[in-house]
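Hi everyone, thanks for coming. Let me put the structure up on the screen, and then we can walk through a few parts of it together.

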Amino acid sequence: MRMQAEPAFDGKAFVAHLSTAPGVYRMFAGNDDLLYVGKAGNLKKRVGSYFLKPSMQPRIAAMVAQIARIEITLTRTEAEALLLEAQLIKTLRPRYNILLRDDKSYPYIHLTPGDYPRLAFHRGARNGGGRYFGPYPSAASVRETLALLHKLFRIRNCEDSYFRNRSRPCLQYQIGRCSAPCVGLITVAEYRLSAHHATLFLEGKSKLLLDELIADMEKASANLDFERAARMRDHIAAVGKVQARQFVQGAGRDLDVMACRIAEGVACVTVMSFRDGGSLGSRDFFPRLALDAGEADVLGSFLGQYFLDRPIPPELVLSHAPEQAELLAEALAAHAGHKVELKSVVRGDRARFLEMAETNAQAALTARLASRQTLLQRFAALRELLGLAQLPQRIECFDISHTMGEATVASCVVFGPEGAEKSRYRRFNIQGITAGDDYAAMHQALERRYRRIQNGEGCLPDVLLIDGGAGQVRQALDVLATLGVEGVCVVGVAKGDGRRSGHESLILGDSGRTLWPGPGSPASHLIQSVRDEAHRFAITGHRGRREKARASSSLEAVAGVGAKRRAALLKQFGGLAGVTRAGIEELMQVKGINRELAERIYSALHG
């Protein structure tokens with residue numbers, strides 16, 4: 001199995017298919033030198049700023065001119081991305097991070113020892129006793145967190161000399177950011193409890209903290225102290241905004257996590273490396289896929305090649321168990337000079353690491369499939385399959401979506417050699433037909449679409465794909481003939497045996513012939529991706545139309561979330577915005593929400 005050569009880097013094309021999720025990006029030069037590490041709450045928007053803005057600082061422009069590739073690591077929350085960025089900068093010391101940032105040590109939050117501990121910003125040697133939390137990638141992030149902590153827990157931030165000589169409360173007490181232990185307005189026990197809560201907050205142990213805050217809010221509400229209840233509600237929302245369990249550190253030993261995903265004849269292997277308890281980030285590989293190879297086969301072949309010239313950690317966590325795993329482990333151990341374990345069934349932190357690697361592998365594979373190079377190859381294969389004189393420049397595909405005839409919507413998606421042309425997508429709300437009559441729905445959508453084009457609105461496609469069999473193709477041919485439209489190659493895409501992807505049959509409208517290109521055909525992969533996009537676009541429109549009349553929370557659209565669970569979610573996170581910011585693990589802290597439901601809620605709120 002050989003690694004495919006990377007295509008020339010095209011920043012704009014890369015950004016076009018980038019995820020909007022939070023994560024970390026790493027920019028590399030042509031000689032594999034790491035140029036820059038950055039984090040983003042929205043990767044598409046942040047990375048796009050390097051390539052889509054008309055001007056930038058000369059130093060940044062010089063860096064961008066050297067970029068040969070960008071690697072992405074998706075995280076669950078922006079807080080995770082913040083910590084991972086700090087770890088990677090500290091470990092890898094990228095060239096432009098050192099140039100663009102000062103070279104001081106990274107800042108920490110310091111909780112001093114004593115009956116009335118101080119919570120403050122710290123940079124330098126950590127030899128002052130107490131607890132140190134960090135490192136943080138910037139002083140601004142420390143100060144932002146400290147401001148929130150002082151507001152939530154009212155821990156002092158003054159120097160000890162100032163603290164010992166106060167005779168009356170200072171301004172921090174007046175604005176509600178200190179409990180004035182200097183003049184005895186709070187007992188030692190109460191103050192240490194607040195310090196304990198702040199420690200739980202910084203350690204990411206949020207369940208007990210949130211339970212106590214919620215109990216306090218409900219108690220205040222029951223006592224008709226609505227002002228205090230509102231303050232506690234705001235505190236809960238603030239905790240939810242910045243609190244996240246960190247899944248990018250904490251591995252108990254050195255290990256590599258590898259996940260493989262295969263789709264449409266392309267394989268992606270994502271490798272995440274953990275050393276000395278911290279993450280070194282991830283990298284994506286696209287090995288050449290052998291005929292009928294599965295994920296386990298790919299990983300088995302990949303392992304031997306990947307570790308030929310790399311140190312092998314004592315533990316490898318794999319998304320799929322390769323054949324003869326024991327024999328492979330023995331071979332790797334002989335090469336490394338120490339015992340090597342291969343694990344594919346894991347729990348706890350390793351399961352979370354593996355889930356993150358699988359998410360990144362899927363995202364990288366999606367971007368690869370949408371790349372221009374892959375699309376051009378598939379367009380050429382489609383031209384050959386259909387016997388077209390020239391490479392098709394425009395493909396349109398129609399699909400119908402409804403629920404037992406309710407809220408029928410037809411979709412039309414447009415693809416060119418550069419990929420999806422989303423600005424040209426159209427939806428048609430179908431009306432005046434018998435409920436569930438897909439033929440009539442398709443006829444109406446096609447007629448409305450091509451009558452507009454006939455009147456000068458847009459242009460005709462070279463290839464018209466219809467999601468359906470001979471009956472749907474006949475509707476398309478009748479509409480085009482009635483409107484006098486010529487020169488369009490009509491192709492019906494009928495589901496294959498067992499509805500298996502890649503086994504569709506193609507019905508040619510001009511001759512009535514049927515083709516079976518098979519799962520290995522690049523042309524078939526192109527048709528599948530266009531058809532699937534039309535299906536997605538139709539379903540989205542159908543759901544929107546069906547639920548347009550609902551004036552309710554987005555949570556109502558999530559199956560399994562009823563009134564009680566909605567109330568519990570909104571209460572724990574302080575509103576819908578807080579629920580949206582929460583990661584899956586945080587959602588699971590709410591009573592009655594398991595992992596499956598948490599994942600469903602997260603997916604619904606993040607598109």
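Leucine 111 stands opposite arginine 131 in strand S6. This is a predicted model, where local features need pLDDT of at least 70 and side-chain atom pairs count only at pLDDT 80 or more, while totals for chains, interfaces and linings use all residues. Residues are numbered from 1 along each chain as its sequence is written, and side-chain values use heavy atoms, leaving out hydrogens and water.

Back to the strands. S4, residues 108-111, pairs with S6 in the antiparallel sense over three bridges. When I say strand, I mean a DSSP run of E with at least two residues, and a helix is a run of H or I with at least four, both numbered from the N terminus. Two strands pair if DSSP finds at least two bridges between them.

Which order do the strands of this open sheet have? The order is S5-S4-S6, and the pairing is antiparallel. S5 (119-122) and S6 (131-133) are at the edges with a single partner strand each, so one side of each has no neighbour in the sheet. From one strand to the next, the twist averages 30 degrees. Helix H9, residues 188-203, lies across S4, S5 and S6 and runs at about 35 degrees to S6. For those angles, axes are lines fitted to C-alpha atoms, for helices over the stretch in contact, and the angle between N-to-C directions runs from 0 to 180 degrees. Contact here means heavy atoms within 4.5 Å.

Now please look at another open sheet. Three strands form it in the order S2-S1-S3, with antiparallel pairing. Its edge strands are S2 (34-40) and S3 (67-74), each pairing on one side only. Here the twist averages 20 degrees from one strand to the next. S1, residues 23-29, pairs with S3 over seven bridges, and glycine 23 has leucine 74 as its bridge partner in S3. Helix H2 (residues 43-52) lies across S1, S2 and S3, at about 30 degrees to S1.

One last stop: serine 282, found in strand S9 (residues 278-285). Is serine 282 buried or exposed? Its relative accessible area is 4%, and buried means under 20%, exposed over 50%, and partly exposed in between, using a 1.4 Å probe and protein chains only. So serine 282 is buried. Leaving aside neighbours within four places in sequence, serine 282 is in contact with residues including Arg26, Glu71 and Asn360.
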